[in-house]
Amino acid sequence: MMLTRPIRFTRFGTFYILFALAVGAAAINTGNNLLYLILGILLGFIVISGFLSDSALWGITTAWAPIGSLYAGEKALLECRMLKGGFPGVAISVESHWEGLKALYSFVPWIPSKGQASTRIELTPPKRGYLTLESCRYSTRFPFGLFQKSHNERMDERWVVYPHLYLLPNDDLERQGLEASPKSTHRQGMGTLPLMMRDYRAGDAMRQIQWKMSAKRQRLIVKEMEEEAGQGDLFYLDSWPAHFSPLEMESFISFIASLIFSVYERSRPFGLGIPERLFGPEHSRAHLHRIFEFLALVDPFQNRGQGHSKLPVEWNSRVIDIAPLWAARGRTYARPS
Amino acid sequence: MPAHLRPLRITVQVAAALGLLSITLSGEISPPWCAISWTAWVFGLAADRFPQFQARLRSLETAAVAGMVGTLLIDFFAFHNSIFIAVTHFLLLFQIVKLAGEKKRKDCLQIFVFSFFQVLAACTLSVDPWHAAVLLALIPTATAALFWNQMAREYEMAKNDLDAAVSRNYRRMAALMSAAALPLNLVLTVAVFVIIPRLTLNVPVAGFSGNQMGYIDQINLSQKGNLAENAAVVLWLSFPRPAERPTWNGYLRGDVLSDFNGHSWTPSQGRHSRILLPDLNNIFSMGELRRSVRTLRQSITLVDISAGTLFTIGRPLRVVAPLQALQEFEGGSLHWLAARRQPLHYDVLSEPFSIDEVRAEYLALPPVPLDRIRALTNKVAGRGPPLERARRIEQFLQKNYRYSTHLGDRIPDNPVESFLFERRQGPCGHFASAMALMLRLQNIPCRLVAGYLKGEWNEPAQAVVIRERDAHAWVEAYVAGQGWISFDPSPRLVGAEAAGGTSLFHRLNQYSDYFGLLWDRFVIHYDLYSQIRAFESLKGGSGRLGAQLASWWSKMRLQFHHTRQPSREPAETGGAATARRPWKEIGAFLILSLVSGLVLTRRRLAAYDAGLRFYTRFLEGMARIGCSKHPWETGQEFAARLAQTRPDQADQAHRITNQYYRARFSNKKPVLEE
C-alpha cells in the first residue's frame with residue numbers, strides 16, 4: 001500500500017489566499033497594525049484548516065467487499081468499510097478507480113474517532129473475469145473548504161465477476177427434459193430420498209401431497225422423491241466452438257452459466273464437463289459458485305479444439321450435450337474439425 | 001428549510017450582528033444607516049416567513065446591486081465622503097438586502113463575507129480597542145460559519161440532507177472547533193503580528209487618502225450652534241517622577257496663536273521656526289538647561305496624531321521621540337515633519353516658563369471696531385503695573401461671564417464685542433480672545449495658546465488621560481522682568497483634575513481607558529523599533545537563563561566531582577576544607593521519587609481492579625494465539641468475532657467479556673471468585 005498526499009486549492013481557497021496576500025501587502029505598505037492583526041487571523045485560519053484536514057484524513061484504512069456475487073452486466077453493490085483512528089473523519093469523499101470503468105464517487109459524512117463507517121457504491125461490471133480496484137482516493141475539504149486535501153492509496157484488490165445470467169425460456173428446457181412437463185408424473189412407487197417440493201399438477205397421486213406444507217402455503221404441494229428424478233444432469237461440451245468471435249464466445253459462456261443456474265434453481269443436482277475440467281453432479285450453492293468461478297475465469301480461446309474432457313465410466317446420470325441446446329436457440333455452433 | 005442550512009443561517013446571523021456592531025461602535029456611520037441595518041438584521045431572523053417578499057427581492061437583486069453601485073459613486077463624488085465611508089455604506093446596503101432576502105448557502109456565505117468586510121472597514125475607520133473584542137468574537141463565529149458553509153456545500157453536492165446523528169456530530173465538531181480555534185488563532189495571530197517586519201513602505205495608492213484632520217491650529221470665533229463634547233482619548237500623560245505631578249499647573253501647551261483678524265486666531269504668518277535633528281539617542285535639544293529653573297519630566301503617549309503637534313508642559317528643553325526631525329515655532333511649539341500614522345510616545349524635559357523674545361505682532365490689533373472694548377478695558381484694568389492690570393482683566397472675565405458650549409444662533413460681525421456686551425457667555429476660546437484683545441489694548445504683549453487642560457487621573461495606568469473635550473485655550477502675556485505668564489480667564493474648573501468619583505462604573509471606565517492605552521502601546525504602537533527591542537530583550541533573557549543554567553550545572557558538576565573523589569580532597573586541600581556532599585539533596589530526591597511513584601502506582605492500581613486486569617491478560621493471551629483485538633472493536637464485537645474464528649473459545653470469551661463489562665461499567669462489581 002502506497003500513500004501520497006496531494007493538496008489542491010479550491011476556488012474559495014484561491015480567493016482567500018489572494019485576499020490574505022492583499023491584506024499582507026497593504027499591512028507591509030501602510031504599517032497599519034490592525035491589518036497585521038487581520039493578516040494574522042487569516043493565516044491562522046489557513047494553519048487551522050491544514051491541521052484539521054490532515055487530522056480528518058490521517059489514519060484511514062479501508063476494506064472493500066462486494067455485497068453478494070458479481071455478475072457481468074448486472075448492477076452490483078460494493079461496500080467500503082472505513083476505519084479511523086484518532087481524530088474523527090469528517091466529510092470524506094471516496095473516489096475509487098476501477099480497471100476498465102470510470103471513477104466512482106461516494107461520500108462519508110462522518111467516521112467516528114477510533115470507529116468505522118461504511119459507504120456503498122453501485123457499479124456494473126462490464127465483463128466476466130476479474131474486477132480490479134486499482135486505487136482509492138480519500139479527500140476532504142473539511143473544515144473550511146479552502147483546500148482539498150487527499151490521500152491516494154494503491155489498492156490492487158480484485159473480485160471474480162461471474163458470467164452474465166439470464167432466464168432461459170421454459171420451451172428450451174422442456175425440449176431437453178430439463179423442465180418437468182406440465183403432465184402429471186405417473187410412476188410406479190416412490191423413492192426414499194426427498195428431492196423437491198413442487199405445486200400439485202392434475203393427475204398427481206393423492207398420497208404424494210404434503211398436507212402440512214399445503215396448509216402452510218394455502219395451495220397443494222407435492223413431494224417428489226429422489227429416485228424419480230434420477231441423479232441429476234451433466235452438461236457436457238466436448239470442445240469449445242471453433243469459429244466464435246469473442247463476443248459470441250462470451251454469449252455462449254453466459255448461456256452455459258444460465259443453463260447451470262436454471263437447473264440449480266430447479267433443485268436438481270448438476271454438473272459440467274467442458275474441455276478443461278469436469279465438475280461432478282452435485283446440488284449445492286458452493287458447487288454452483290465453483291462452476292461460476294471457473295466459467296468466469298476460463299479462456300476458451302487458449303484451449304479451443306483441444307483437451308476433451310472424459311466422462312467417468314460409472315456415470316449414470318443424464319448427460320446433456322450443450323451444443324444442441326445452443327443450436328436450438330437459433331445459433332450456429334460448429335464443432336472443430 | 002434543509003437541515004444542513006439551519007446552523008449556517010444562525011451562524012451568519014451572528015456574524016452579521018458582529019459586523020453591524022463593529023460599524024456602530026466606530027461611530028463614523030450616521031444613526032439612520034445603523035438603525036436601518038439593525039432593523040434589517042432583526043427582520044432577517046423572521047424573513048423566512050415571508051417567502052413572497054423574498055422571491056420579489058430576489059428578482060430585484062440585480063437592480064438593487066446597480067442601485068448600490070450608484071449610491072457608492074454618489075457618496076464618493078457628490079457627498080465627498082471618504083472612500084471608506086462610501087464602501088461601508090455600500091456594504092451596509094448589500095447586507096440589508098441579503099439579510100431580508102432568501103438565504104441559500106451562497107447568500108449565507110455572502111452575508112458572512114460582507115460582515116467580515118464590515119469589521120475590516122470599521123477597523124479602518126476608527127482604531128478602538130472595542131474592535132479587538134469584535135475581532136475576538138469574530139474568530140469562533142467565522143470558524144463555525146466556514147465549517148457549516150463547507151458542510152452545506154458537501155450536502156448540496158451529494159444531493160442529500162443531514163441525518164440527525166451526523167448533524168449532532170457536526171454540531172459537536174463545530175463547537176469544539178470554535179472553542180479551539182480562538183486560542184490557537186490568537187497564538188498564531190500574535191506570532192504573525194510580532195514577527196512580520198514593519199517595513200511601512202508607504203507606496204501611494206490612488207484614491208486612498210490619509211487621516212482626517214481633527215485638531216486644527218487655529219481658533220475660529222465666527223461659529224454658531226453648539227460645541228459637541230468628544231470623549232475620545234487624545235493622549236496619556238505620566239510623570240516618571242511621581243513627586244513632580246503636584247507641581248504641574250494642569251496646562252499642556254500645543255500651538256501658539258498670535259495673529260488675530262477679529263474672527264480667528266492663527267499662528268503668526270511670518271513666524272520664525274527652526275529644524276531640530278536628533279542625536280544618536282533620538283534626543284532633540286531645544287535650549288540650554290538652567291540650574292536656577294525647576295524642570296519637569298513628562299512621558300506622553302499621543303494617541304490622536306492628527307494635529308502633528310507635540311504637546312508639552314511649559315517650554316520643552318529636551319524631547320526623546322522616535323522621529324526623524326522636529327520643527328520648533330515661536331513659543332516653543334513643536335511639530336513633526338514626516339507624515340505619521342501611528343500613535344507617538346515621547347518623553348519631555350521642560351521648564352515652566354517661556355523666555356522667548358517679544359515681537360511686534362503680539363501687540364497687533366484686528367481691523368474691527370474696538371471703541372466699546374477699549375472703553376470697557378480701560379474701566380476694568382484701571383491703572384498700575386501690567387501684571388496687576390492683567391489680573392484685573394482676568395478676574396473680571398472669570399466673575400462676570402459664564403462658560404458655555406453654546407456659540408449662539410448667528411455668526412456675529414465682531415465676535416469679541418458680541419461676547420463682551422451681548423451674549424456674555426461662550427467657550428474658552430471666546431474668553432481667551434477677549435482677554436488677549438483687552439491686554440493688547442492695554443499695550444501688554446500677549447498671545448493665545450491652544451492645548452489641553454488637566455484631564456483625569458487614571459489609577460490603573462498611573463497616568464493622566466486627556467480627552468478631546470479637555471481641549472482649551474488660554475492667554476500668555478509678557479510682563480517685563482517676569483517673562484511670559486499664563487492667564488486663564490475662562491471660568492472653568494481650574495486647579496483640580498476633573499472629579500471622577502469612585503463608583504463601579506467610573507472604575508470600569510478607567511479600566512476601559514487603560515485597556516485602550518495598552519492596546520495603543522502594545523498593538524497600535526508596535527513597530528519595527530518595538531520588534532527590535534522585543535527580540536533584544538528576548539535574546540538578553542535567554543542569555544541570562546543560559547548563564548544561570550550554566551552556573552547551576554557547573555556547581556552540580558563540582559559537587560558530584562567532589563563526591564566521587566572523597567579520598568583525595570583532604571590531602572589536596574591539606575584537610576582544611578572538606579567538600580560538602582549533597583547526600584541530603586540526593587536522599588530527598590530519591591524519597592520524593594519513591595513517594596510519587598507509589599502514589600501514581602496506587603492510583604493506577606485503584607483504577608484497575610481484578611476483573612480489568614484479568615481481561616487484559618485474556619486479550620494478551622488471545623493476541624499470542626493470533627486473535628488480537630482491533631482498536632475499533634468493542635469487547636462484545638471481539639467476542640463475537642472470536643466465536644466465529646475460534647468456536648472452541650466462544651463460551652469462555654463471552655463469559656470473560658461479560659465479567660469485564662460488569663467490572664468496567666456496572667454498579668454491581670463481580671466478586672473475586674467470579
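Which are the buried residues of helix H18 (residues 635-645) of chain B?

A: The model is predicted. In it, the buried residues of H18(B) are Gly635(B), Ala639(B) and Leu642(B). Look down the axis of H18(B): these buried residues fall within an arc of 60 degrees, so they line one face of the helix. An α-helix has 3.6 residues a turn, so residues three or four places apart point the same way. What lies over the buried residues of H18(B)? The cover includes helix H19 (650-665) of chain B. Now turn to the face of H18(B) that points away from the buried side. Gln644(B) and Thr645(B) are exposed there.

Another helix of chain B can be read in this way. Helix H13 (residues 504-524) of chain B has 21 residues. From its first C-alpha to its last, H13(B) reaches 28 Å, close to the 30 Å expected at 1.5 Å a residue. Asp513(B), Gly516(B), Leu517(B), Trp519(B) and Asp520(B) are buried in H13(B). Seen down the axis of H13(B), the buried residues fall within an arc of 155 degrees, so they line one face of the helix. Their cover includes helix H7 (130-158), along with strands S3 (233-238), S9 (296-302), S19 (456-458) and S20 (463-467) of chain B. On the face of H13(B) turned away from the buried side sit the exposed residues Leu504(B) and Leu508(B).

The loop between S19 and S20 holds Gln462(B). Its phi is near 55 degrees, a positive value in a residue other than glycine. Most residues other than glycine have a negative phi, and most peptide bonds are trans. Gln462(B) counts as partly exposed because it has 13 C-beta neighbours inside 10 Å.

Chain B also has an open sheet of 4 strands. Their order is S7-S12-S13-S10, and the pairing is antiparallel. Strand S7 (273-276) and strand S10 (309-310) of chain B are the edges, since each pairs on one side only. S10(B) meets strand S13 (residues 334-336) of chain B over 2 bridges. In one of these strands, S13(B), Leu334(B) is the bridge partner of Leu310(B).

Next, step out to the neighbouring chain. Here 33 residues of chain A are in contact with 39 residues of chain B. On the chain A side, H2(A) gives the largest share, 13 residues. That side divides into 20 nonpolar, 11 polar and 2 charged residues.

How far can the reading be trusted? Chain B averages a pLDDT of 79, and 85% of the residues score at least 70. In chain B, confidence is highest in helix H10 (residues 386-400), at a mean of 91, and lowest in helix H15 (residues 568-572), at 41. Over residues 209-214 of chain B, pLDDT stays under 50. Residues 494-499 of chain B are also below 50. Where pLDDT is low, the predicted coordinates should not be read in detail. The model scores ipTM 0.70 and pTM 0.55.

Conventions:
Residues are numbered from 1 along each chain as its sequence is written. Chains are lettered from A and ligands numbered from 1 in the order in which they are written. This is a predicted model: local features need pLDDT of at least 70, side-chain atom pairs count only at pLDDT 80 or more; totals for chains, interfaces and linings use all residues. The expected span of a helix is 1.5 Å times one less than its number of residues. A residue is buried if 20 or more other C-beta atoms lie within 10 Å of its own, exposed if 12 or fewer, and partly exposed in between; C-beta atoms are placed from the backbone. The arc is that of the directions from the helix axis to the C-beta atoms. Two residues are in contact if their C-beta atoms, placed from the backbone, lie within 7 Å. Two strands pair if DSSP finds at least two bridges between them. Ala, Val, Leu, Ile, Met, Phe, Trp, Tyr, Cys and Pro count as nonpolar, Asp, Glu, Lys and Arg as charged, and the others, Gly among them, as polar. pLDDT is the predictor's confidence in each residue, from 0 to 100.
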